[in-house]
Amino acid sequence: MTKLLIFAGSARKASTNKQLAALAARTAKEAGAEVTLIDLADFDMPIYNGDIEADTGLPENAKRLKQLFVEHDGFFIASPEYNSSISALLKNALDWISRPHTENEPGLWAFQGKVAAIGSVSPGALGGLRGLVPLRMMLSNIGVTVVPSQVAVSDGFNAFDKGGALTADMTAGMLKATVAQLVGTTGALKRDA
Ligand code: FNR
């Protein structure tokens, strides 16, 4: 079965991107995937510093997170837009787990051959769309196949109902299509591998 790791790039308890991640997890399960939903707040790590890496190696939480990436076939990332880019939390986590830490480890082991879908939620009118551009580019550059569909949810503080569903038909449809592409592409690449 296709295994998906799903998380948001925000540590905030009431994060709207965590709401999107939770909804994506529910949708992916309905589409037949096995899903692990995690909270990056549970993987606290220092800002990347080559001296820390040289002195003590990867922080334990970076190793734990990297292991989860390795064990899954694909990812859904709900990424808040910070100043037209991604959050420092998300970038820092990806930077740490991009580093080798075992002997003869394949390059970018946590990412290569994997599939991702991306989405964002913002209180603004563009739904965090501008931050998805650098995220898509970065993931592609480190060997991840990013599916063409994506979802950007505007007016984020009013976008979900009490049950966690998206209230607007358009964004609800975009999420469903994006998750369907993620599950389909991940399954197809796994079969070809
Ligand atoms: C923001 N926010 C924001 N929103 C946006 O649409 N475009 C932007 O460029 C930015 N820039 C930005 C920078 C910083 C430093 C912060 C803290 C916030 C607002 C952001 O979308 C909003 O805080 C979301 O609610 C964050 O996502 P979570 O925490 O709800 O998932």
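In this predicted model, the backbone oxygen of Arg 12 sits 3.1 Å from a polar atom in the side chain of Lys 18, a polar contact (a pair of N or O atoms within 3.5 Å; within protein, one must be able to donate a hydrogen and the other to accept it, and residues adjacent in sequence count only if both atoms are side-chain atoms). Residues are numbered from 1 along each chain as its sequence is written, and side-chain values use heavy atoms, with hydrogens and water left out. As the model is a prediction, local features need pLDDT of at least 70 and side-chain atom pairs count only at pLDDT 80 or more, while totals for chains, interfaces and linings use all residues.

Lys 18 itself belongs to helix H1, residues 16-30; helices (H or I, at least four residues) and strands (E, at least two) are DSSP runs numbered from the N terminus. With a relative accessibility of 18%, Lys 18 counts as buried, the cut-off being under 20% relative accessible area, with exposed over 50% and partly exposed in between (1.4 Å probe, protein chains only). Leaving out residues up to four places away in sequence, Lys 18 touches Ala 8, Ser 10, Ala 11, Arg 12, Lys 13 and Asp 39, where contact means heavy atoms within 4.5 Å. Ile 38 is 20 residues from Lys 18 in sequence, and their C-alpha atoms are 9.4 Å apart.

Arg 12 also turns up at the ligand. Of the 14 residues around it, Arg 12, Ser 15, Thr 16, Glu 81 and Ser 122 come nearest, a residue being near if one of its heavy atoms lies within 4 Å. The side chain of Arg 12 has an N or O atom 2.8 Å from a ligand oxygen, and the side chain of Asn 17 likewise has one 2.8 Å from a ligand oxygen. Taken alone, the ligand exposes 620 Å², and the protein buries 71% of that (Shrake-Rupley areas, 1.4 Å probe; for residues, only the protein chains shown count as cover).

On to helix H3. The buried residues here are Asn 61, Ala 62, Leu 65, Lys 66, Leu 68 and Phe 69. They cover an arc of only 155° around the axis, so they fall on the same side of H3; the arc is taken from the directions from the helix axis to the C-beta atoms. Their packing partners are strand S1 (3-8), strand S3 (74-78) and helix H4 (88-97).

Helix H4 holds Asn 92, which counts as buried at 9% relative accessibility.
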